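Subject: A structure to look through

Dear colleague,

I am handing over a structure that I would like you to look through with the notes below beside you. Please open it first, and then follow the notes in the order in which they come.

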Amino acid sequence: MLKHKSDEVILVLTFLLLVSNLCWLMSPKKVKECENTAKKNVQIFLLAGQSNMAGRGGVTKEVSTEGTITKVWNGFVPKECKPNQKILRFNAALKWEEAHEPMNYGIDCLASCGLGPGMAFANEILKKDSEFGVIGLVPCARGGTPLSKWQRGSLPYDDLVKRAKSAEKDGGIIRGLLWYHGESDVKGGNGSKVYKTNLEKFIHDLRTDLNSPNLPILQVILPYPKEPFKGPYIEEVRAAQLAINVPNVVKIDAKGLELGPDGIHLTTPAQVQLGHMFAHAFLSLKNFSSFFKFFPSNIFS
């Protein structure tokens, strides 16, 4: 017997969310799974980090008549993020499907999933290089996870490795990691003090576990938050991110990108802009004679 009425409500809501998620994943009308991806030589990109990588663009708060506050995506998809037959998404069921927003749906969020940088990134790559081939996006972001949760043995890290390995089974090649992280560590605790050490360990472990010692990392440098978000350790985390001294890491400074009313999540236009920044940073790697040749750590803005 449940002791409180609120416990019953929470249990029912949790069950309904689980059912809706399973229905969304299995519905043939909602997604179009892609067969024979092995023949397409998919160019795979991993999307990981926290809620800004998961996507909160266009997510607003709604208050019900009972006073309950929920976060819901407004459904707006700008032209830069429209579906493209050459862009695939590796869904929560470990299947390739035609990519669409919200990219991170089913990975760590349902109704609160909004627009992220992934589709804008992929569309911009294809716009600049029509011969690039089929792009496969593998969403792995987890909102609210400090860097200590992205270490071997933790769910976010282990799931990232699992999804990455599953995605490349059909013959694709992992071309890079798009990484946006740090919002939790700027709020407090000891995370900011060891951020640089933990991030360098994360990069080393991921490259080792994926057997890709030169894996390019496109790393976002956090923008400065605004009220009402409290981020007293923003300077420490930004300094740690800027100080990363690991080959094949391109740093993308998000300072100045537009933030939503919560003071920490990027707006839809800012997510599109960030997606383009990711794309231009990745395409800059073509200046090197071999994609997997080491290049120095640098800042891209």
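L94 is placed in the loop between β4 (87–90) and β5, and in this model, which is a predicted one, L94 has a positive phi of about 65° although it is not a glycine. This deserves a second look because most residues other than glycine have a negative phi. With a relative accessibility of 29%, L94 counts as partly exposed, since that value falls between the limits of 20% for buried and 50% for exposed.

N211 is another non-glycine residue with a positive phi, here about 55°, and it belongs to the loop between α5 (195–209) and β8. Is N211 buried or exposed? The relative accessible area of N211 is 68%, so N211 is exposed.

The bond from E101 to P102 is cis, with omega near -5°, and P102 is found in the loop between β5 (96–98) and α3 (118–128). The bond from E227 to P228 is cis as well, with omega near 10°, and P228 sits in the loop between β8 (217–221) and α6 (234–242).

Turning to the aromatic rings, a pair of them is described by the distance of the centres and the angle of the planes. The count comes to 9 aromatic pairs. One of them is formed by F90 and W96, with 4.9 Å from centre to centre and 55° between the planes, and this pair is tilted; both F90 and W96 are buried. For W150 and W179 the ring centres are 5.3 Å apart and the planes stand at 90°, so this pair is edge-to-face.

The last topic is helix α4 and its neighbours. Its 13 residues should span 18 Å at 1.5 Å a residue, and because the end C-alpha atoms of α4 are 18 Å apart, the two values agree. Several residues of α4 are buried, among them P156, Y157, L160, V161 and R163, and the buried residues of this helix pack against β1 (43–49), β4, β5, β6, β7 and α5.

How do α4 and α5 lie against each other? Two packed helices are described by the angle between their axes and the distance between the axes. For α4 and α5 the angle is about 35° and the axes are 11 Å apart, and their crossing is right-handed. On the α4 side, Y157, L160, V161 and K165 take part, and they meet F202, D205, L206 and D209 in α5. The residues of this contact divide into 5 nonpolar, no polar and 3 charged.

Conventions: Residues numbered from 1 in each chain as written. Predicted model: local features only at pLDDT ≥ 70, side-chain atom pairs only at ≥ 80, totals over all residues. Heavy atoms only, no water. Helix = DSSP H or I, 4+ residues; strand = E, 2+ residues; numbered from the N terminus. Buried < 20%, exposed > 50% of the residue type's maximum accessible area, 1.4 Å probe, protein only. Phe/Tyr/Trp six-rings, centres within 6.5 Å; stacked < 30°, edge-to-face > 60°. Axes fitted to C-alpha atoms, helices over the stretch in contact; angles between N-to-C directions. Left-handed = near helix turned anticlockwise from the far one by under 90°. Contact = heavy atoms within 4.5 Å. Nonpolar A, V, L, I, M, F, W, Y, C, P; charged D, E, K, R; others polar. Expected span 1.5 Å × (residues − 1).
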